[in-house]
Amino acid sequence: MKYLPHTEADRKKMLETIGVSRMEDLFADIPEGVRFKGRLDVPPALSDPELMRHLRELASRNRTVDDYTSYLGGGAYDHFLPSVVDHVASRNEFYTAYTPYQPEVSQGTLQTMYEYQSLMCELLGMDVSNASMYDGATAAAEAALISCRHTERKKAAVAATVHPEWRQVLRTYMWGRDLEVVELPHAGGVTDVERAKALLGPDVACLIVQHPNFFGCLEPVEELEKLAHAAGGLFVAGVDPISLGVLKPPGEYGADFAVGEGQSLGNHLNFGGPYLGFFTCTEKLMRRMPGRISGQTLDANGQRGFVLALATREQHIRREKATSNICSNEALCALAAAVYLTTLGPRGIKHVAELCLHKAHYLHDRVAMLERFKPAFSAPFFKEFVVRSQLPAGRVISGLLEDRIMAGPDVGRFYPDLKDHLLFCVTERRTREELDHLVARLEGSL
Amino acid sequence: MKRVEPLIFDLSSPGRVAYSLPAVDVPAAPLERLLPAGALRGRAPRLPEVSEIDVIRHFVRLSRLNYGVDLGMYPLGSCTMKYSPKINEDAARMAGFTELHPYQPEETVQGALELLYQTQCFLAAIGGVDKVSLQPAAGAHGELTGLLIIKKYHESRGERRNKVIIPDSAHGTNPASAVTCGMETVEVKSDERGGVDLDALAAVLDEGVAALMLTNPNTLGLFDENMRRIAEMVHAKGGLLHYDGANVNAIMGITRPGDAGFDVVHFNLHKTFSTPHGGGGPGAGPVGVKKLLEPFLPVPTVGRDGERFFLEDDRPQSIGRMKSFYGNFNVVVKAYAFIRSLGPDGLKRVSEDAVLNANYLMRRLQPYFDLPYDRHCMHEFVLSGRRQKNENGVRTLDMAKRILDYGLHPPTNYFPLIVEECLMIEPTESESVETLDEFADVLITIAGEAKENPDVVKSAPHDTPVLRLDEVLAARQLNLRWKKG
């Protein structure tokens, strides 16, 4: 068997060295009562050609965003991936390395983590970044837990316009710690500041806002930041990193934590994962931060090097007193993000953001002229917007699918009061021709 | 070889670019007309300005400062760094898997859903459980998911149970996960054979116990013979059992935690099922449960209706979601390929060879180091560097660093905490007898050096891209990012 190098002669020799006669003897500690007597119910082994044929067959039963024209967003985006990203992330020395517990032979991983942290701090305008977490949703939930610990309060406020799956994860994590979540209602696609004021009392540990929010709209972040801080809570900004090519970074509007989904920075869609959650904060909150961090130091010769820093926050040292139970980061995804940001540079990130912005606005303005479809909200937006349809959302989705267009998703899935609304996303990959074609299809009502 | 690579920021030269994007092909109004002026970015971020060759050379040079399993063995106890088969990588890089959006209509992702569904079934079969969720992103995330399921179960019965019992040999994530779901931890000590001390367990069991978490084989590499008895004792008090799957590599096709009475089992796909660690992630930590806990699993899971596969969202008693979307799909693709490649007999052989390799190394090294538990081990074992410390003033940390000079990666050290000057060694099934011998010979040489030339060990490493790094300095003068000079 190709992954198992021993020959029968090897096994015999090794058993002799051990001093037993049969493999069975090594398992003598497993009592009869808990021995598994059957054969595992998994299919028989496949040879490599059979396995490849089978996997290709499975893959061929999927339709990709390359085969179709995709307007899918909602937390995962088909931004263009420069070729260098996969070439770097495919280096065996990166993807087959373990966690950098031996820094002397892990400088590649540790320096790229440090560079990733630095790039994210620059992009977000924040003081400190960790080396990434599971995804945007868990990063936001961890920010809420830390806020509760830091303020010694038991309630997190979250805007109803935050990604529905982030809010679900937040509720799960908060319930786990016996903490409470309160949602701030929206009006016209953005958080209702007046009603937020009433809900943000002195018992609120933090306010979590997404900007642009799930509907693509820009939130009144400056007003909301003031409300959160006036209540004595912390302000958590969830951001789309690509938007920061044109939008003010969260460090400039008073975010204590800025978190988000980093997939759009150089990572494939991968049907939802693995992605990376980025997590940044102010210097003041640094020691509360969960997750791995790389820090610069010197070696015995006085040469610069990197190690895992602030490890005394972490579970392998602090056990039940750790800041979080998290034990890994998404290092390879963070590496891809670092390569992506390096490749784009300050001009590239602005260029991508502007392409998304202009193309999305072009589509938006064309849709506004249609009869049976209208933009649902009038708030400023970045690359996504909600369309209200006179036709059932399901019919729009299936109608466009026949024409190799992926629309949606159906916003009514997440917000029952927004039945027959669809969230359209336009990345830099869409061409004017594709946008015009979509509008023509909608105009002809599919 | 040049060993210090500048920071990417220091390679920047204004005006250089490494990207190529088209001009805007639609009418473009000025930004100020599309967005409120106050929402716009003023100063551009200080990202590096480099050309493509700079990007490639920088990161490829950095990669060469890393050790990886494609370069050599990783004998990291409890971290299971086995070889990652290349066919898995080829599979995971197929566009039919990588270019799928999570919100695509189900009829356009039937291949992906089938792969997820089948993996749920395979893991259920391996663990002896009824239903598996692939959502957790890592082992610790799987632990947290398992404990939340247990918490929800007790809540559904109107019970408030707050204690989680954890053996003193457990991974640090176990107590940290328990605290993350609002529970207190109670530690039970190990007996002289390295298993859970049953008297100590009996003494802490009461109606407040929500769960016991057990890693079996434990972090000493020893199989707890009382597994079933432990499960019965905890069940008798109304508590449930979480099996920490960090060490499943020892037991595939040999024993199944579900059969021994465990209610929740988590798996580490990046350990047992060969998906590479990527320098610390992504991993995947699926969780399987027995029938009685199915209603509490996170949503969604993948269901099957004849030939059609679909996302199951309708589970009103669910703990909710643990992360966005459906788990680390691309990691699951690799694990799926591994399982299909080995089949039932191959998986069993994996565990047998993993155990054989560990026992072989243990017996080869036994004369040179202290062996705290002299019995057959499972897939890993612990040695103690007590002798070298007491007789030669050489610590386990020094020996670990000295291993680097011989071009190999050291074992896990100073864990588990209950063994003094611990070296925890897990060779995995991937390694040939020649590789094991090479590793053993290096350790034996270092044991000799500790006696005859302790200074060379204490000042190690000598032949690595950087020498021993000052962690105290790193903690005292925190430097966690580049700043413009």
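Me: How far apart are the centres of domain 1 of chain B and domain 3 of chain B?
Reply: Keep in mind that this is a predicted model. The domain assignment of chain B gives domain 1 as 8–63, domain 2 as 87–341 and domain 3 as 346–471. Taken over C-alpha atoms, the centres of domain 1 and domain 3 of chain B are separated by 47 Å.

Me: How many helices and strands does chain A have?
Reply: Start with the outline of chain A. Its C-alpha atoms fill a box of roughly 80 × 50 × 50 Å along the principal axes. Of its 446 residues, 62% are buried. Chain A has 14 helices and 16 strands.

Me: Which strands stand at the edges of the 7-stranded open sheet in chain A?
Reply: The strand order in this chain A sheet is S2-S10-S9-S8-S7-S3-S4, with mixed pairing. An edge strand here has a single partner strand, so one side is left without a neighbour in the sheet. The edge strands of chain A are S2 (128–129) and S4 (180–184).

Me: In S8(A), which residue is the bridge partner of A:Ile208?
Reply: Strand S7 (residues 204–211) and strand S8 (residues 234–239) of chain A run parallel, joined by 6 bridges. Helix H10 (residues 221–230) of chain A lies across both S7 and S8, running at about 170° to S7(A). The partner of A:Ile208 in S8(A) is A:Val236.

Me: Which helix of chain A gives the most residues to the side that touches chain B?
Reply: Begin with the contact count: 168 residues of chain A are in contact with 169 residues of chain B. The chain A side divides into 78 nonpolar, 55 polar and 35 charged residues. The top contributor gives 23 residues and spans residues 331–368 of chain A: it is helix H12.

Me: Now chain B. By how much are neighbouring strands of its 7-stranded open sheet turned against each other on average?
Reply: This sheet of chain B has the order S1-S7-S6-S5-S4-S2-S3, with mixed pairing. S1 (131–133) and S3 (184–188) of chain B each have a single partner strand, so one side of each is left without a neighbour in the sheet.

Me: What angle does helix H6 of chain B make with S6(B)?
Reply: Look at the helices on this sheet. Helix H5 (residues 110–127) of chain B touches S1, S6 (264–266) and S7, and its direction makes about 120° with that of S1(B). Helix H6 (residues 139–156) of chain B lies across S2 (163–167), S4, S5, S6 and S7. The angle of H6 to S6(B) is about 165°.

Me: How many residues of helix H7 of chain B are buried?
Reply: H7(B) covers residues 173–180 and is mostly covered. Its buried residues include B:Asn174, B:Pro175 and B:Val179. After the helix comes B:Gly182, with a positive phi near 75°. The buried count for H7(B) is 8 of 8.

Me: Is B:Thr80 buried or exposed?
Reply: B:Thr80 lies in the loop between helix H2 (52–63) and helix H3 (86–92) of chain B. Its phi is positive, about 30°, although it is not a glycine. A residue is buried if 20 or more other C-beta atoms lie within 10 Å of its own. B:Thr80 has 27 such neighbours, so it counts as buried.

Me: How many other C-beta atoms lie within 10 Å of B:Tyr414?
Reply: B:Tyr414 is not a glycine, but its phi is positive at about 60°. This residue is in the loop between strand S11 (412–413) and strand S12 (422–425) of chain B. B:Tyr414 is partly exposed, because the number of other C-beta atoms within 10 Å is 17.

Me: What is omega for the cis peptide bond that joins B:Gly281 and B:Pro282?
Reply: Compare the bond from B:Asn216 to B:Pro217, which is cis with omega near 0°. B:Pro217 is in the loop between S4 (209–215) and helix H9 (227–236) of chain B. B:Pro282 is in the loop between helix H10 (269–272) and strand S7 (287–289) of chain B. For B:Gly281 and B:Pro282, omega is about 10°.

Definitions and conventions
Residues are numbered from 1 along each chain as its sequence is written. Chains are lettered from A and ligands numbered from 1 in the order in which they are written. This is a predicted model: local features need pLDDT of at least 70, side-chain atom pairs count only at pLDDT 80 or more; totals for chains, interfaces and linings use all residues. A residue is buried if 20 or more other C-beta atoms lie within 10 Å of its own, exposed if 12 or fewer, and partly exposed in between; C-beta atoms are placed from the backbone. Helices (H or I, at least four residues) and strands (E, at least two) are DSSP runs, numbered from the N terminus. Domain bounds come from an automatic or database domain assignment. Two strands pair if DSSP finds at least two bridges between them. Two residues are in contact if their C-beta atoms, placed from the backbone, lie within 7 Å. Axes are lines fitted to C-alpha atoms, for helices over the stretch in contact, and angles run from 0 to 180 degrees between N-to-C directions. Ala, Val, Leu, Ile, Met, Phe, Trp, Tyr, Cys and Pro count as nonpolar, Asp, Glu, Lys and Arg as charged, and the others, Gly among them, as polar.
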